[in-house]
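Colleague: Could you walk me through this one slowly, please?

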Amino acid sequence: INNALALKADKTQEAWITPTLVNSWVNWSADLAIAYMKDNFGFVHLKGVAKSGVTNHVMTLPVGYRPPKNEYFICTGNNSFVLVNVLSTGEVSFTTGMNVNFNSLSGITFKVA
């Protein structure tokens, strides 16, 4: 039994990574800070809420955390819905909902190449 358990997946996940936000985007609050991480199965997870940007582009994910093709997600923002683009170049942007009270990235998950 011990040998079988030793062959199981490592359950330790990497810590959440704080990205550099661009174009005047800032975290809504410390409790809801924008962050990303990759799990042991190769899925990237995003979380957090941003506000006050001056263009749609929020941040750029590094190589190894980018989807193989452009991905699009519906999230919440300012009591409405926001289209979030996660491009294969790593750019994360809000297509709608720019420069409003808040836009969320929480719940976004995608497989990396």
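Modeller: Leaving aside its neighbours within four places in sequence, serine 93 is in contact (heavy atoms within 4.5 Å) with Asn56, His57, Val58, Leu83, Val84 and Asn85. This is a predicted model, where local features need pLDDT of at least 70, side-chain atom pairs count only at pLDDT 80 or more, and totals for chains, interfaces and linings use all residues. Residues are numbered from 1 along each chain as its sequence is written, and side-chain values use heavy atoms, with hydrogens and water left out.

Colleague: Is serine 93 buried or exposed?

Modeller: Serine 93 is buried, since its relative accessible area is 5%, and buried means under 20% (1.4 Å probe, protein chains only).

Colleague: And where is the place of serine 93?

Modeller: Serine 93 sits in strand E8, residues 91–94, where a strand is a DSSP run of E with at least two residues, numbered from the N terminus.

Colleague: New topic: what order does the open sheet of three strands have?

Modeller: The order is E2-E3-E10, with antiparallel pairing, and two strands pair if DSSP finds at least two bridges between them. Strand E2 (35–38) and strand E10 (109–111) are the edge strands, each pairing on one side only.

Colleague: Over how many bridges do E2 and E3 pair?

Modeller: E2 and strand E3 (residues 43–47) pair over four bridges, and leucine 46 in E3 is the bridge partner of tyrosine 36.

Methods:
Buried means under 20% relative accessible area, exposed over 50%, partly exposed in between (1.4 Å probe, protein chains only).
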